[in-house]
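This report looks at side-chain contacts between charged groups and between aromatic rings, together with the accessibility of the residues involved. Please keep the sequence and the structure in view while reading.

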Amino acid sequence: MKLFLSFLLIATLANAAEPAFVDLRTVMRLAGAKNDEIQLARARHDEAVAESKQAWQRFWPTLSLGAGYRGHEGRLQDIAGNVFNANKQQYNVGTGAMIDWSPGDIYYSALAAKQRALAAEHLAAKARIDIVTQSVERYYDLLAAEATLTIIEDDLHLTEDYGKQLEGAVTAGTAFRADLLRVKSQISRAKLSIRQGEEQRDLAVARLAEILRLTPDAVLRPAKSDLVPVKMMAGRGVATLISLAQQHRPEIQAAQAIHSSMGAEKDRAHVAPLIPSVQAGYTTGGLGGGPGVGNQWGNFGSQQDYYLGVGWKIGPGGLFDRQRQKLADAREESASLQTSQVKAAVGREVVEAATRAQSANDQIKINDEAVAAAEEMTKLAKERQASQVGVVLEYLLAREELTRARQSRVMAVTDFNKAQHALKRAVGK
């Protein structure tokens, strides 16, 4: 049902002429519903699972069922070397089971295939998490652009109202025309900022539509209620977060599975050749025929054949294949080093995400103080202007400072939320 609703929402957004409002949950759901990178990772996982099942199926014997006819006319040589004329025919029908086992090779290759399938499963999970995280970041970019645009529009409306009041004062002769021109210049700059903000918002919409695999001309608007600080990994130290990441990050689990796969390949090169191969077969059915071709179809009776053998392969792919063993050792060591590199990179990502989250949290507090101070400054400047004590420039500068403080807070909240999602991803949640 969730998948159906997701595709229904995709179709609605793709065909909507009016702006469609999306929230964070919708973006996260859409990100995992249609993205082709996730589908590709899932397809690779399915392929690896099929290869693993196929490797285990090599333990089963091969069954055959058939019938045959053979005739001969003309010269023939017997075992003693005599050559003579002979006409004869034979026909047979039956079934058989054929076994050609290399138990060691089959077992270790199947173990390696199973680990590769497990690695593909973890990489598919990583692809989904990465796409969802990127979608969240692009959504917050759109949310920040929309909020910044709203702040500038609010400032423009207030400045335009102030300009109308000032224009009346200029007409009455109680204010200077230079002050009115200064206000009009401020209005023009605000309109220019609005147009630039609309451009940034539309570009953010295009980037979000791309990763959600919507139509490029989709018109999206974010839910303003999402622009609040959301703490998701609070109360945990960096050491605890790193420990969680080492346990849950799909990259680490995939690297460990690949390491285990290389370990199975190493055993396949060292141990499997010591285990003998087994060849066995059993056929049962009937055989008939006799002298003459086409004129005798009797003489039909049952027959059974069976054989069993064991042996060792010497040389390439078998015993004393030193180069194969060295190659397997090198690959296993390389996989071990790669696992260590992945763990180190994950630890760095956790520290970076935690640092950004803490820094953004501190910046929110600082910006709250700046917004409060700017609001008080704007209020005082307005009061001074009303009492003819202040000047227009003071009020405009105060409003400009308030606008910058509000915009800075929007970016701080955006960075904080993006850092929280990045930290959640870093620990594998």
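## Aromatic pairs

Tyr-108 is buried, at a relative accessible area of 15%, where buried means under 20% relative accessible area, exposed over 50%, and partly exposed in between, computed with a 1.4 Å probe on protein chains only. Tyr-108 forms an aromatic pair with Tyr-107, which is edge-to-face, with 5.2 Å from centre to centre and 70° between the planes; Tyr-107 itself is partly exposed, with a relative accessible area of 37%. Rings of Phe, Tyr and Trp (its six-membered ring) are taken to pair if their centres lie within 6.5 Å, and planes under 30 degrees apart count as stacked, over 60 as edge-to-face and the rest as tilted. By this rule the structure has 3 aromatic pairs.

Another of these pairs joins Tyr-282 and Tyr-306, whose ring centres are 6.4 Å apart and whose planes meet at 25°, so the pair is stacked. This pair links distant parts of the chain, with Tyr-282 in strand E5 (residues 277–291) and Tyr-306 in strand E6 (residues 301–311), 24 residues apart; helices (H or I, at least four residues) and strands (E, at least two) are DSSP runs, numbered from the N terminus. Tyr-282 is partly exposed at 33% relative accessible area, whereas Tyr-306 is exposed at 65%.

## Basis of the values

The model is predicted, and local features need pLDDT of at least 70, side-chain atom pairs count only at pLDDT 80 or more, and totals for chains, interfaces and linings use all residues. Residues are numbered from 1 along each chain as its sequence is written, and side-chain values use heavy atoms, with hydrogens and water left out.

## Salt bridges

A search of the whole structure finds 21 salt bridges, each defined as a side-chain nitrogen of Lys or Arg within 4 Å of a carboxyl oxygen of Asp or Glu. In one of them, Asp-130 meets Arg-425 with the closest N and O atoms 2.8 Å apart, and this pair links helix H4 (residues 103–172), which holds Asp-130, with helix H9 (residues 392–426), which holds Arg-425, across 295 residues. Both Asp-130 and Arg-425 are buried, and the two also belong to a network of salt bridges that includes Lys-126, Arg-249, Glu-251 and Glu-349.

Helices H4 and H9 are also linked by Asp-154 and Arg-406, 252 residues apart, whose side chains form a salt bridge at 3.8 Å, N to O. Asp-154 is partly exposed at 32% relative accessibility, and Arg-406 is partly exposed at 29%.
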